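Q: I'm new to this one, could you walk me through it?
A: Gladly; here it is to look at while we talk.

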Amino acid sequence: MAYVELGDVRTWYEEQGEGEPLVLLHPGGAGVDARALAPTLPALTAHFHSFAPERRAHGRTSDVDGPITFELMAGDTIAFLESVVGDPAHLVGVSDGAIVALLVALERPDLVHKLVLIAGVFDRDGWEPGVLDPDAEPPEFLARLYGEISPDGPDHYPVVVEKLARMHSEGPTVSLAELSRVRSRVLVMIGDDDEVRAEHALALYRALPEGELAVIPGTSHGLLVEKPTVCNSIIVDFLLSDPVPTMAPIRRAP
């Protein structure tokens with residue numbers, strides 16, 4: 001566990017394992033941090049040199065003056081890849097982390113090998129109705145989690161809630177045409193009862209030139225916690241293996 005200065009953001013990260021570099025980007029929301037990756041990180045560190053940074057205003061990484069945007073967090077991640085990882089890496093992003101990973105792949109494809117996008121959207125309209133309700137109060141336990149480790153203290157929690165609500169009201173806004181520029185091999189994964197609309201995830205998969213799709217049955221937006229063995233197996237197989245020759249390809253026909 002260590003800190004790195006990324007511009008004006010003092011960023012906390014965890015580093016484990018050996019092998020090819022991999023950066024795991026946690027879900028978003030005030031009070032959500034790298035602890036949410038506990039069911040997933042060990043399966044990845046068994047095979048990869050894994051990094052799990054906490055983004056600005058999340059976990060042990062402080063907030064800074066000004067708004068929080070997906071673009072700013074993607075810029076922080078690019079700086080992390082350049083200054084800490086030092087080489088191109090696999091990116092595995094969950095929810096807001098998936099959005100950040102996608103933006104990094106669009107901005108700096110030279111820094112990204114394979115890409116795993118778990119329960120994330122490419123456009124804010126991809127969330128199910130009601131998910132982004134600006135009047136909804138966050139669950140009480142998230143405030144407690146935030147207060148446990150945030151360097152800004154529990155009194156700063158409402159500020160972060162407001163900043164993130166505005167971020168979600170404005171983005172992301174990636175187009176299907178932009179998605180066609182992603183050249184990495186990409187796994188799109190959602191739960192079958194996800195907060196991400198299934199139609200939206202399907203559109204994401206279809207727009208990616210090297211996209212693959214996994215829908216985990218009997219799960220929600222918390223699929224990595226609900227069925228960790230199934231999810232981890234699929235993620236690790238995707239990252240370690242080349243595509244198999246398929247017997248009756250349609251989308252991937254020559």
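What follows is a chat about the overall build, the charged pairs and some backbone details.

Q: Before we start, what kind of model is this?
A: This is a predicted model.

Q: Ok, how many helices and strands are there in the protein?
A: The protein has nine helices together with eight strands.

Q: And what does the C-alpha trace span along its principal axes?
A: The C-alpha trace of the protein spans about 60 × 40 × 35 Å along those axes.

Q: How does the radius of gyration sit with what a compact globule would have?
A: The two agree, because a compact globule with 254 residues would have a radius of gyration near 18 Å and the protein has 17 Å.

Q: What share of the residues is buried?
A: Of the 254 residues in the protein, 51% are buried.

Q: Let's switch to charges. How many salt bridges turn up in the whole structure?
A: A search of the whole structure finds 13 salt bridges. In general, side chains of opposite charge can pair when their charged atoms come close.

Q: Which residue does R185 pair with?
A: R185 forms a salt bridge with E212, and the closest N and O atoms of the two are 2.6 Å apart. R185 lies in the loop between α6 (176–179) and β7, while E212 belongs to strand β8 (residues 211–216), so the pair ties together parts that are 27 residues apart in sequence.

Q: Is R185 buried or exposed?
A: R185 is buried, because its relative accessible area is 13% and buried means under 20%.

Q: What about R35, which partner does it have?
A: R35 forms a salt bridge with D33, with the closest N and O atoms 2.9 Å apart. The two ends of this pair are placed as follows: R35 is partly exposed at 32% relative accessibility, whereas D33 is buried with a relative accessible area of 4%.

Q: Where on the surface does negative charge gather, I mean which residues?
A: A patch of negative charge on the surface is formed by E128, D192, D193, E195 and E226. One of these, D192, is found in the loop between β7 (186–191) and α7 (198–207), and D192 is partly exposed, with a relative accessible area of 45%.

Q: New topic, the backbone. Which peptide bond is cis?
A: The peptide bond from G171 to P172 is cis, with omega near 5°, and P172 lies in the loop between α5 (157–170) and α6. As background, most peptide bonds are trans, and most residues other than glycine have a negative phi.

Q: So what is phi like at S95?
A: Phi of S95 is near 55°, which is a positive value in a residue other than glycine. S95 sits in the loop between β5 (89–94) and α3 (96–107), where S95 counts as buried at 8% relative accessibility.

Q: And what about phi of A119?
A: Phi of A119 is near 55°, again a positive value in a residue other than glycine. A119 is placed in the loop between β6 (112–118) and α4 (140–149), and A119 is buried, with a relative accessible area of 0%.

Key. Residues are numbered from 1 along each chain as its sequence is written. This is a predicted model: local features need pLDDT of at least 70, side-chain atom pairs count only at pLDDT 80 or more; totals for chains, interfaces and linings use all residues. Side-chain values use heavy atoms; hydrogens and water are left out. Patches are made of residues with over 30% relative accessible area and no salt bridge: like charges are joined within 9 Å, nonpolar side chains (Val, Leu, Ile, Met, Phe, Trp, Tyr) within 5 Å. Accessible areas come from the Shrake-Rupley method with a 1.4 Å probe; for residues, only the protein chains shown count as cover. A salt bridge is a side-chain nitrogen of Lys or Arg within 4 Å of a carboxyl oxygen of Asp or Glu. Lys and Arg count as positive and Asp and Glu as negative; His and the chain ends are not counted. The place of a charge is taken as NZ of Lys, CZ of Arg, CG of Asp or CD of Glu. Helices (H or I, at least four residues) and strands (E, at least two) are DSSP runs, numbered from the N terminus. Buried means under 20% relative accessible area, exposed over 50%, partly exposed in between (1.4 Å probe, protein chains only). The radius of gyration is taken over C-alpha atoms; the globule rule is 2.2 Å times the number of residues to the power 0.38.
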